[in-house]
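Hello,

Here is the structure I promised to pass on to you. Have a look at it first, and then read my notes below.

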Amino acid sequence: MRRVYLDNNATTPILPEVLEAMRPYFGERFGNASSIHHHGQETRAAVERARESVADLLGCRPAEVVFTCGGTEADNLAIFGLTKFGDHIITSTIEHHAVLNSCKRLGEKGIEVTSLPVDGRGLVDPDDLRRALRPNTTLVTIMFANNETGVIQPVEELEVYFHTDAVQAAAKVPIRVKEIGCDLLSISGHKIHAPQGVGALYVRKGTTLEPMLYGGSHERSRRAGTENVPGIVGLGKAAELAVQGFKNGEIARMAALRDSLERAILQNVEGAGVNGEGAPRVPNTSNIYFDYIEGEALIISLDLKGLAVSTGAACSSGAIEPSHVLTAMGLRPDRARASIRFSLGKQNTAEDVEFAIELVPASVARLRELSPLYNKEAISS
Ligand SMILES: Cc1ncc(COP(=O)(O)O)c(C=O)c1O
């Protein structure tokens with residue numbers, strides 16, 4: 001059975017070049033990167049090469065890159081590492097749970113949290129942000145690109161510490177931390193064709209973070225624990241390939257595929273629309289609502305035919321609650337539940353998109369026929 005994977009915002013397949021780069025570090029190059037003998041030097045050199053590649057992807061110095069065990073840890077390190085009792089922080093209502101729940105926990109610990117709303121396109125208003133700043137605001141954490149809709153926030157330089165979760169932006173849009181003006185920025189390996197369980201936090205030089213893990217002086221005492229060398233090597237290789245992807249037209253090709261998928265679905269299905277339409281979006285993501293459809297039912301129906309897509313955040317799959325991102329954008333709960341996320345990766349081809357274009361309208365039509373609520377006249381008027 002043919003299977004097409006269009007759920008790359010949940011996780012991406014490891015690219016063959018990335019696997020090849022990692023392979024020796026599961027075998028003969030096994031040294032602890034802190035050891036001073038040959039074996040340690042070999043892995044230390046690999047970790048430092050990977051740090052340079054990640055720094056190149058982000059436009060920062062290698063010393064400003066802290067390797068973590070993923071995007072969640074990078075977000076937590078930024079948020080908990082910079083805040084203390086009496087502080088005020090600002091975030092948004094559409095963050096990933098890694099940020100949302102970190103801020104919630106800070107709120108429980110007595111830190112004041114302001115959560116900014118978004119408009120119908122999923123954008124935070126920079127004026128709202130400026131108005132929310134207080135003398136005791138120490139941190140603003142607003143995501144770069146949303147994992148469900150791909151909508152890119154207007155991130156700009158601020159006077160307070162600014163963290164941005166760029167897990168869904170990295171390798172999709174060029175990132176230059178100096179231009180963004182952020183102090184901290186999170187990325188995750190498995191969203192850019194490296195393995196799961198590795199990530200990095202950019203920490204601007206001069207930013208003092210309270211570590212979350214205590215132990216050895218790894219990562220300049222910002223993240224204790226023996227390095228995950230194969231994972232870090234994989235992240236470094238994926239970062240290198242991502243930089244090439246911007247130069248060799250790979251990202252433009254992905255954008256064209258996403259646009260053709262979106263256009264064809266909208267042309268062939270009535271009562272459908274793009275969530276986040278009109279806002280800048282990353283080039284791989286399309287979040288579409290299909291009125292009179294239960295999103296989970298459509299996902300199962302498509303999966304049975306070989307197409308893997310999602311209803312948004314993987315961690316909330318199976319939950320009955322409609323997406324917090326889509327409801328924050330003002331979507332009615334039924335429309336939020338009727339929304340599906342298509343997300344492309346570097347491995348996807350024009351044939352994959354054709355496959356989706358053939359399946360989606362037919363599956364939507366079949367499910368609508370089964371729905372007692374479906375009203376063809378209302379949809380076409
Ligand atoms: C925007 C965003 N932030 C953070 C994370 C968490 O990253 P990780 O899975 O590496 O912990 C994800 C993963 O879905 C994400 O999409």
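The accessible surface of the protein chain is about 16,200 Å², and carbon and sulfur atoms hold 54% of that (Shrake-Rupley method, 1.4 Å probe; for residues, only the protein chains shown count as cover). Please keep in mind that this is a predicted model, where local features need pLDDT of at least 70 and side-chain atom pairs count only at pLDDT 80 or more, while totals for chains, interfaces and linings use all residues. Residues are numbered from 1 along each chain as its sequence is written, and side-chain values use heavy atoms, with hydrogens and water left out.

On the overall fold: the protein chain has 14 helices and twelve strands (DSSP runs, H or I of at least four residues and E of at least two, numbered from the N terminus). Its C-alpha atoms fill a box of roughly 70 × 50 × 35 Å along the principal axes. Of the 381 residues, 57% are buried (under 20% relative accessible area, 1.4 Å probe, protein chains only).

Now to the ligand. Oxygen atoms of the ligand make polar contacts (N or O pairs within 3.5 Å): a backbone N or O atom of Gly-71 lies at 2.8 Å, a polar side-chain atom of Gln-168 at 2.8 Å, and a side-chain N or O atom of His-96 at 3.2 Å. The protein covers 86% of the 390 Å² of accessible area that the ligand has on its own.

Best wishes

Key: A polar contact is a pair of N or O atoms within 3.5 Å; within protein, one must be able to donate a hydrogen and the other to accept it, and residues adjacent in sequence count only if both atoms are side-chain atoms. Buried means under 20% relative accessible area, exposed over 50%, partly exposed in between (1.4 Å probe, protein chains only).
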